[in-house]
Amino acid sequence: MKKTVLEVKNLFKSYDGKRNVLENISLEFKEGELVSVIGSSGAGKSTFLRCLNKMITPSSGDILFNDESLMKAGKKDIKKIRAKIGMIFQHYNIVKQLTTIENVLHGKLGQMSSLKGLLGLYTESDKKEAFELLKELGLKGHEYKKCGNLSGGQKQRVGIARALIQNPNLILCDEPIASLDPQSAKVIMDILKDITEKKGITCIANLHQVDVAMKYSDRVIGLKNGKILFNGPPSKLTKEIIHEIYGAKNGELIVDETDSLDTSNKVVA
Ligand SMILES: Nc1ncnc2c1ncn2[C@@H]1O[C@H](COP(=O)(O)OP(=O)(O)O)[C@@H](O)[C@H]1O
Ligand SMILES: [Mg+2]
C-alpha cells in the first residue's frame with residue numbers, strides 16, 4: 001500500500017463569508033500519483049490547489065501533509081512544509097532578467113536562511129544539482145541564457161527544475177500547459193508523468209483539457225461549483241459525467257473560450 005502524502009479533510013473555502021467556493025472537499029493523495037483536477041472556469045480549481053500549501057487559508061477543515069496539519073502549523077512549520085511542496089504555474093513565474101541556472105536555484109530558497117538566500121550563497125552541490133536537473137529536462141547549453149529569451153516550453157521546464165531542486169514530495173501545477181502549443185504541452189506532460197513514476201513525487205495538476213487529463217492521469221477529480229462531482233480513474237470518466245462537470249444545456253456543452261473539451265482519448269499534438 002502506497003503512503004498517503006496529502007489528506008484533505010472536509011475543506012471549505014469562502015472568500016466573502018457567504019458563498020462557498022470550495023464545499024466539503026475530502027480527498028487523499030498517494031505517493032507517486034498523478035492526479036488532475038478538471039472543471040470549468042470558476043469551479044474552484046485554483047483555490048483548491050492554493051489551499052493545499054496554505055497560499056490561501058481555508059475557511060475550515062484540515063489538510064495533512066505527511067501527517068502534519070497545515071491548519072495547526074505555525075509560521076516556521078509552514079515554511080518547512082512549503083519547502084517540500086513544489087509549485088508550477090501557467091505563466092511560469094520565473095524571473096526573466098535572471099539566467100536559467102539562477103531561476104532553478106531559487107527553488108532552494110525555502111530551505112536556506114533569509115540572509116544566505118539574499119546573498120545567493122548556494123552550495124557547490126546545489127549548483128551541481130541545478131545543472132544536472134537542467135540536463136535531465138533537455139536544457140543543457142541554456143544554463144546561462146536569460147530566462148526571458150527562452151520559449152514557453154523551455155520556461156516551463158525551468159519551472160519544473162526549480163520545483164524539483166526542492167526535492168519535493170508533492171508538486172502542485174496550476175494549468176501547467178494552458179499557455180503552450182500542443183507539442184510543448186506534450187513534452188511537459190511527459191515530464192510530469194516521468195517525475196511521478198521515476199521519482200515517486202505526487203503531482204496534482206489543474207487542467208483545462210479533458211483529453212490530456214484522461215491520457216496522463218492515474219486519477220481525475222471533477223469539480224463543479226466547488227464540489228467534487230467525480231473522483232476516479234480516467235476509465236470511469238464517462239461522457240455523461242464530463243457533460244455534468246462542464247454543465248450541459250439542451251444537450252449542448254456550455255464552453256468557455258479557454259476550455260478545450262475534446263473528450264477523445266488522443267494525444268495532444
Ligand atoms: N481572491 C479572490 N477573492 C474573491 N473571490 C475569488 C478569489 N479568487 C477566486 N475567487 C472566486 O472563486 C471562484 C473559484 O475561482 P478559482 O478557484 O479561480 O476557479 P478556477 O481555477 O476553477 O477557474 C470564482 O467564483 C472566483 O471568482
Ligand atoms: Mg484557475
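Just after helix α7, G200 takes a positive phi of about 70°; helices here are DSSP runs of H or I with at least four residues, strands are E runs of at least two, and both are numbered from the N terminus. The model is predicted, so local features need pLDDT of at least 70 and side-chain atom pairs count only at pLDDT 80 or more, while totals for chains, interfaces and linings use all residues. Residues are numbered from 1 along each chain as its sequence is written, chains are lettered from A and ligands numbered from 1 in the order written, and side-chain values use heavy atoms, with hydrogens and water left out.

**Helix α7**

- Helix α7 covers residues 182–199, and its end C-alpha atoms are 25 Å apart, which agrees with the 26 Å that its 18 residues should span at 1.5 Å a residue; the expected span is 1.5 Å times one less than the number of residues.
- At the start of α7, a side-chain oxygen of D181 comes within 3.1 Å of the backbone nitrogen of Q183.
- Buried residues of α7 include I188, L192 and I195, where buried means under 20% relative accessible area (1.4 Å probe, protein chains only).
- Among the elements covering these buried residues are β3 (34–38), β6 (85–89) and α8 (210–216), with contact meaning heavy atoms within 4.5 Å.

**Ligand 1**

- The residues around ligand 1 include Y15, R19 and K45, each with a heavy atom within 4 Å of the ligand.
- Helix α1 (residues 45–51) gives the largest share of this shell, three residues.
- A polar side-chain atom of T47 lies 2.5 Å from an oxygen atom of ligand 1.
- A backbone N or O atom of G44 is 3.0 Å from a ligand 1 oxygen atom.

Key: A polar contact is a pair of N or O atoms within 3.5 Å; within protein, one must be able to donate a hydrogen and the other to accept it, and residues adjacent in sequence count only if both atoms are side-chain atoms. Buried means under 20% relative accessible area, exposed over 50%, partly exposed in between (1.4 Å probe, protein chains only).
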